[in-house]
Amino acid sequence: MAVAADVATVTWASPEDAEAMRLVATRLKSAHPAADPATVDALVAGAYAELRDAKVRAFIPILTERRARALLELPPPGTRPGPAG
């Protein structure tokens, strides 16, 4: 899902979207300081791309943040969670 992009270089649908995505990326970088900033940018850009043409624009920032956050919180590839209990 991640794309090679930086939130500063993506072509956004509007200046408002650009600012909102910069804020989303900043929040996620603060919440996940161990994550590579370029990875966070790529996840935000990729999540935004999935929603870019949505008719209801007001929800794009929160949905983008939720999608990118969910991807950041996935276990690393090749690892499996241990048995519960």
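Trainee: Are tryptophan 12 and tyrosine 48 buried or exposed?

Mentor: This is a predicted model, in which local features need pLDDT of at least 70 and side-chain atom pairs count only at pLDDT 80 or more, while totals for chains, interfaces and linings use all residues. Residues are numbered from 1 along each chain as its sequence is written, and side-chain values use heavy atoms, with hydrogens and water left out. Buried means under 20% relative accessible area, exposed over 50% and partly exposed in between, with a 1.4 Å probe and protein chains only. By that scale, both tryptophan 12 and tyrosine 48 are buried.

Trainee: How many aromatic pairs does the structure hold, and what is the geometry of the rings of tryptophan 12 and tyrosine 48?

Mentor: Rings of Phe, Tyr and Trp (its six-membered ring) pair if their centres lie within 6.5 Å, and planes under 30 degrees apart count as stacked, over 60 as edge-to-face and the rest as tilted. The structure holds one aromatic pair. Because the ring centres of tryptophan 12 and tyrosine 48 are 4.5 Å apart and their planes stand at 70°, the pair is edge-to-face.

Trainee: Which parts does the pair tie together, and how many residues apart are they in sequence?

Mentor: Helices (H or I, at least four residues) and strands (E, at least two) are DSSP runs, numbered from the N terminus. Tryptophan 12 lies in the segment before helix H1 (15-31) and tyrosine 48 lies in helix H2, so the pair links parts whose separation in sequence is 36 residues.

Trainee: At what angle do helix H2 and helix H3 cross, and why are they called oblique?

Mentor: Axes are lines fitted to C-alpha atoms, for helices over the stretch in contact, and angles run from 0 to 180 degrees between N-to-C directions. The axes of H2 (residues 37-51) and H3 (residues 60-72) come within 8 Å and cross at roughly 130°. Angles under 35 degrees count as roughly parallel, over 145 as roughly antiparallel, 65 to 115 as roughly perpendicular and the rest as oblique, and H2 and H3 are therefore oblique to each other.

Trainee: How are H1 and H3 oriented to each other?

Mentor: H1 and H3 pack at an angle of about 30°, and their axes are 10 Å apart. That angle makes H1, relative to H3, roughly parallel.

Trainee: What pattern does the protein chain follow along the sequence?

Mentor: The protein chain has three helices and zero strands. Read along the sequence, its pattern is α-α-α.
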